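Here's a walk through the model, going from one interface to the next and ending at a ligand. Keep the viewer open as you read.

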Amino acid sequence: MNKKYFNLFANCFIVKGYNRSLIFDSQRMKTVFVPNDMYDIVIKAKSISIQQIYEEYGIDNKEIIDEYFDSLIESELGFYMSEKERDFFPEINTAYHSPFQITNSVLEEMRDMKLYKKVISQLEALDCQYVELVFYNNTSNEFLTNILSLFKLSSIKFIGLIIPYDSTKTPEFIKKICSQNLRLNKILVHNVQVQEKPKNITLGLTEIIYVNKEFTNFSYCGNISKKFFSPSLEHYVESQNHNTCLNQKISIDSQGNIKNCPAIPNNFGNIKDVTLTEAINTQGYKQLWSISKDHIEVCKDCEFRHICTDCRAFTENPKDNYSKPLKCGYNPYTNEWSEWSTNPLKQKTIEYYNIETS
Amino acid sequence: MLLIITSEQDHSSLLVIDWLNHIGLPWIRINEKDAIELSFIENDIKFQLESFSFLLSEIKVVWYRRGFLNFKFFISKLFDVDEFRRIELKKLKEYIYYKLSQLPNINRFENADVNKLIVTEKASEVGLLTPKEYLVSNKEILQKILTSTNTEHATKSISGYGTISSDTVNYKILTKKLDDANSTPENFFPSLVQEYIEKRYELRIFYMHGKFWSMAIFSQSDDTTEVDFRNYNIVKPNRNIPFNVPHHIKQKIIKLMEKLDLNCGSIDMIVTPQLEFVFLEVNPVGQFGMVSYPCNYYLHREVAQHLHTLSHGS
Ligand code: SF4
Ligand code: SF4
């Protein structure tokens with residue numbers, strides 16, 4: 001096979017940041033940093049031959065160019081190809097399509113059984129796939145069992161449960177609700193104030209997480225961290241033109257107000273008065289859905305922007321829809337991570353949002 | 001109304017249905033295990049299932065995904081009458097499938113079970129390259145084949161079946177390299193021996209009514225996947241990326257599909273290091289999710305949209 005052209009495998013994406021670029025392999029879910037020079041060369045190689053690249057960069061640079069390509073071949077991120085093969089390998093089409101109107105939802109501190117019945121059928125009408133039930137105050141085991149059973153005959157496929165710890169939340173109880181509700185794919189228990197915090201485990205398809213911190217309002221959410229990065233094709237595709245947190249999301253806060261997220265003030269009516277379908281078709285509801293990382297200040301210069309999550313509820317400038325997530329400690333201009341909550345520049349905004357950081 | 005004939009576990013059907021609901025095309029799904037009682041009313045046929053019924057005349061388009069229709073008829077205990085009815089029944093079923101196949105469709109029950117040996121012959125008739133194949137049942141002949149050329153040979157199943165199960169064990173049937181004929185008896189069960197084709201990459205092509213969605217599988221960098229891609233390599237999965245099949249190959253595939261009277265199917269090919277395209281097989285009921293996801297093709301959406309178009313075209 002002659003090595004006239006170089007091609008990155010179409011499911012490996014190269015994203016240019018301010019100082020460096022990131023290649024992420026969406027098939028093997030791996031990432032590597034590469035210099036921005038290499039980014040330019042890889043992009044050039046899409047349209048011209050390796051020989052032409054040598055000529056453009058001067059033959060003195062041949063060695064370094066070869067080194068770049070060879071290293072990508074070695075890490076199996078790309079391949080050499082012949083002239084004839086150039087037409088064989090298109091890029092992945094990054095269009096995002098979903099058959100569902102709403103894919104995910106958050107119900108905050110909802111306790112009224114009658115209301116659940118109404119909300120579940122309204123969520124079904126929107127094809128909602130995932131529901132997260134969030135509780136800050138005590139939830140009895142009986143109550144939890146009862147609400148979970150309301151979902152049994154619904155078309156909702158997955159349920160996440162966020163509940164405070166108490167001594168009745170034994171491993172046996174957790175196990176029991178998991179085996180009775182195959183839809184449960186996440187249980188997060190907060191305020192675990194015991195000496196021996198139970199270990200996080202996965203039971204069947206359910207991920208069970210214990211945290212010490214007590215959640216008293218939705219400001220627990222919105223953290224940006226390397227551990228939440230998602231180098232998957234699905235995420236990449238959605239992130240091109242959509243906000244990966246708020247796209248196709250609906251929430252009902254503890255007061256019954258319908259919102260994009262419980263922590264975002266904009267209110268699209270109360271569930272007492274309007275249906276979820278009416279709310280999402282209200283002018284402005286879908287506005288945040290299309291704010292992608294490419295439009296967000298700082299993030300747009302960040303090499304992580306297509307694998308990173310986002311948050312529009314807590315941003316560095318609360319008045320600006322396009323401001324960087326407050327709870328991100330990364331600086332793409334210096335490539336350093338630091339603790340966001342102790343950053344002196346952020347203290348005023350942290351106070352503004354009334355976020356407890358300790 | 002769209003009729004979907006499928007099996008209960010088929011996940012693709014579910015995903016296509018999500019899109020059908022989105023588009024607003026009404027559908028009826030029948031799984032292989034659902035018993036169907038037929039009754040004949042004037043010029044129509046009524047399909048009665050456990051919880052619903054419909055008339056043949058309501059159906060405007062059919063998607064035969066996989067499986068069969070499970071008709072229930074009254075069968076008497078008398079043997080000779082039974083035998084007679086069985087034959088009658090066979091013709092009756094044929095007629096129902098015929099009636100369904102007269103409607104616009106994606107695939108038909110009658111054509112779904114292809115014969116690999118016939119397909120290979122037809123493929124070479126339309127000018128596609130195919131691997132040299134032999135049916136062998138004798139040691140001496142096998143030896144001759146294996147020593148006649150320098151190329152390697154492999155043996156695979158004729159039917160394409162992937163597993164044999166008995167009460168105690170499950171065998172997975174994989175393509176196996178043949179080194180010599182030493183361990184075979186003088187005469188043996190007829191087996192398919194195929195010349196081993198060196199590959200630069202494999203292709204999985206989803207074909208539907210003249211359109212192509214293709215994926216290349218790079219699997220050479222690891223020994224374990226060299227002969228059969230079903231020996232999945234978990235640590236370093238094969239590289240699956242979108243591919244454009246050249247026009248002249250597409251033309252030949254279209255001709256082949258016409259010859260086989262198939263309007264939809266998954267096609268396997270090999271591209272050799274010399275960039276020759278070698279046809280391996282076509283599977284009308286193959287899984288297309290494995291081509292769809294890695295390439296972001298949204299094939300479930302494509303299938304739903306096509307069914308929608310068909311339902312309006314008539
Ligand atoms: S916008 Fe922020 S707080 Fe709201 S759900 Fe998304 S990440 Fe959480
Ligand atoms: S700056 Fe922070 S929030 Fe923005 S993309 Fe980079 S890591 Fe994510």
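Between chain B and chain A, 17 residue pairs are in polar contact, with both partners at pLDDT 80 or more. A polar contact here is a pair of N or O atoms within 3.5 Å; within protein, one must be able to donate a hydrogen and the other to accept it, and residues adjacent in sequence count only if both atoms are side-chain atoms. On the chain B side, helix 1 (11–23), strand 16 (211–218), strand 17 (239–243) and helix 6 (289–295) each bring at least two residues to the side touching chain A. Helices (H or I, at least four residues) and strands (E, at least two) are DSSP runs, numbered from the N terminus. Strand 17 of chain B has the largest share, with five residues. Sorted by class, that side of chain B has 16 nonpolar, six polar and five charged residues, where Ala, Val, Leu, Ile, Met, Phe, Trp, Tyr, Cys and Pro count as nonpolar, Asp, Glu, Lys and Arg as charged, and the others, Gly among them, as polar.

Keep in mind that this is a predicted model: local features need pLDDT of at least 70, side-chain atom pairs count only at pLDDT 80 or more, and totals for chains, interfaces and linings use all residues. Residues are numbered from 1 along each chain as written, chains are lettered from A and ligands numbered from 1 in written order, and side-chain values use heavy atoms, leaving out hydrogens and water.

A:K157 pairs with B:D18 in a salt bridge, with the closest N and O atoms 3.9 Å apart. Chain B and chain A bury about 2400 Å², 55% of it on carbon and sulfur atoms; buried area is the accessible area (1.4 Å probe) that two parts lose on being put together, summed over both.

Now look inside chain A, which splits into domain 1 (4–82) and domain 2 (104–353), with bounds from an automatic or database domain assignment. About 1300 Å² is buried between these domains, 68% of it from carbon and sulfur atoms. In domain 1, A:Y18, A:R20 and A:F24 lose the most area to domain 2, together 34% of what that side buries. A:R20 also forms a salt bridge with A:E303, at 2.7 Å between the closest N and O atoms.

Finally, find ligand 1: the residues around it include A:C221, A:K249, A:D310 and A:R312, each with a heavy atom within 4 Å of it. By class, that shell has eight nonpolar, one polar and three charged residues.

Conventions:
Salt bridge = Lys/Arg side-chain N within 4 Å of Asp/Glu carboxyl O.
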